[in-house]
Amino acid sequence: MRAAVTGMAVCIAALSLMGGSASAAVKPSPFSTWPAPPAGNVDGTIYQGTPSCAVQSGVKICDANVYTKGLMNGWATSNQAYRQLNLEWKICNSSGTIVKTGSNSCTGATGAISSCERTGPTYAARWPATSTVRICVDTIGFAYYYVSSNGNTAKVTASDYDCLTLSATGGGGGLRQR
């Protein structure tokens with residue numbers, strides 16, 4: 001390959017000296033490139049644990065853990081870099097402020113993988129029992145894929161956004177909303 005590139009350079013230089021146009025010559029790319037595959041599916045889940053409520057200064061206050069998990073499936077295995085699928089979570093409170101983040105991943109033992117299911121971060125929520133409080137999670141799945149013969153990679157991403165309304169009367173889910 002080096003000899004071919006050097007020979008091309010000599011031809012371009014000779015063409016230039018003979019009064020021809022060097023820009024008319026086509027330079028071969030030393031590397032092959034190809035597009036990254038489309039993203040697979042991402043399914044995020046958010047659910048509430050059993051609440052504990054108590055009256056504090058005349059107001060019933062509840063505490064409960066909010067749990068997250070993520071599932072990636074249908075991801076391409078061809079040209080997958082690092083044999084890895086990755087998940088990130090961003091938990092937001094009612095005002096949209098990110099209150100907790102986390103990440104997790106799956107790595108193939110012997111090769112690329114097409115699915116991954118992992119537990120995400122837990123958020124300790126506290127709210128007045130008479131209030132309607134929504135907690136949301138943005139679950140982001142991504143993988144890196146080789147896009148050229150020289151090892152360049154591209155990040156392919158998909159996401160899922162889910163919310164729940166906290167419940168003071170029972171655990172196991174709250175009211176899940178999309």
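Predicted model: local features only at pLDDT ≥ 70, side-chain atom pairs only at ≥ 80, totals over all residues.

Trainee: Why is Ser167 called buried?

Mentor: Its relative accessible area is 18%. Buried means under 20%, so Ser167 qualifies with that 18%.

Trainee: And what makes the pair Ser167 and Thr169 a polar contact?

Mentor: The two side chains come to 3.1 Å. The cut-off for such N or O pairs is within 3.5 Å, so 3.1 Å passes.

Trainee: Asn73 next. Why is Asn73 called partly exposed rather than buried or exposed?

Mentor: Asn73 has a relative accessible area of 29%. Buried stops under 20% and exposed starts over 50%, so 29% falls in between.

Trainee: Where is Asn73 found, and which residues is it in contact with?

Mentor: Asn73 is in strand E3. Leaving aside neighbours within four places in sequence, its contacts are Gly40, Asn41, Ser114 and Ser115. Ala39 is 34 residues away from Asn73 along the chain, with 9.5 Å between their C-alpha atoms.

Trainee: How do you know that E4 and E7 pair?

Mentor: Strand E4 (residues 84-92) and strand E7 (residues 134-146) share seven bridges, in the antiparallel sense. Pairing takes at least two bridges, so seven settles it. One to look up is Trp89, whose bridge partner in E7 is Thr139.

Trainee: What makes E7 and E8 a pair?

Mentor: Again the bridges: E7 and strand E8 (residues 153-165) have 13, also antiparallel. With at least two needed, 13 bridges make them a pair. Thr139 stands opposite Asp160 in E8, and Gly141 opposite Ala158.

Trainee: How many residues lie between E7 and E8 in their hairpin?

Mentor: Six, and Gly151 in that turn has a positive phi of about 95°.

Trainee: What makes a group of residues a nonpolar core here, and which members of the largest one touch the most others?

Mentor: The members have to be buried residues of the nonpolar kinds, joined through side-chain atoms within 4.5 Å. The largest set has 26 residues, and Val66, Met72, Trp75, Leu85, Trp127, Ile135 and Leu166 touch the most other members. At least two core residues come from each of strand E1 (41-48), strand E3 (59-73), E4, strand E6 (116-128), E7 and E8. As a general point, nonpolar side chains in soluble globular proteins tend to be buried together.

Trainee: Which residues does Trp127 touch?

Mentor: Not counting residues up to four places away in sequence, Trp127 touches Gln48, Pro51, Lys60, Ile61, Cys62, Asp63, Ala64, Val133, Leu166, Ser167 and Ala168. That list brings us back to Ser167.

Trainee: How confident is the predictor?

Mentor: The mean pLDDT is 85, and 78% of the residues reach 70 or more. Residues 1-25 have pLDDT below 50, with ten contacts beyond near neighbours in sequence. Residues 174-178 are also below 50, with 22 such contacts in the model.

How values were computed:
Residues numbered from 1 in each chain as written. Heavy atoms only, no water. Helix = DSSP H or I, 4+ residues; strand = E, 2+ residues; numbered from the N terminus. Buried < 20%, exposed > 50% of the residue type's maximum accessible area, 1.4 Å probe, protein only. Contact = heavy atoms within 4.5 Å. pLDDT = per-residue confidence, 0-100. Polar contact = N/O pair within 3.5 Å; in protein donor to acceptor, adjacent residues only side chain to side chain.
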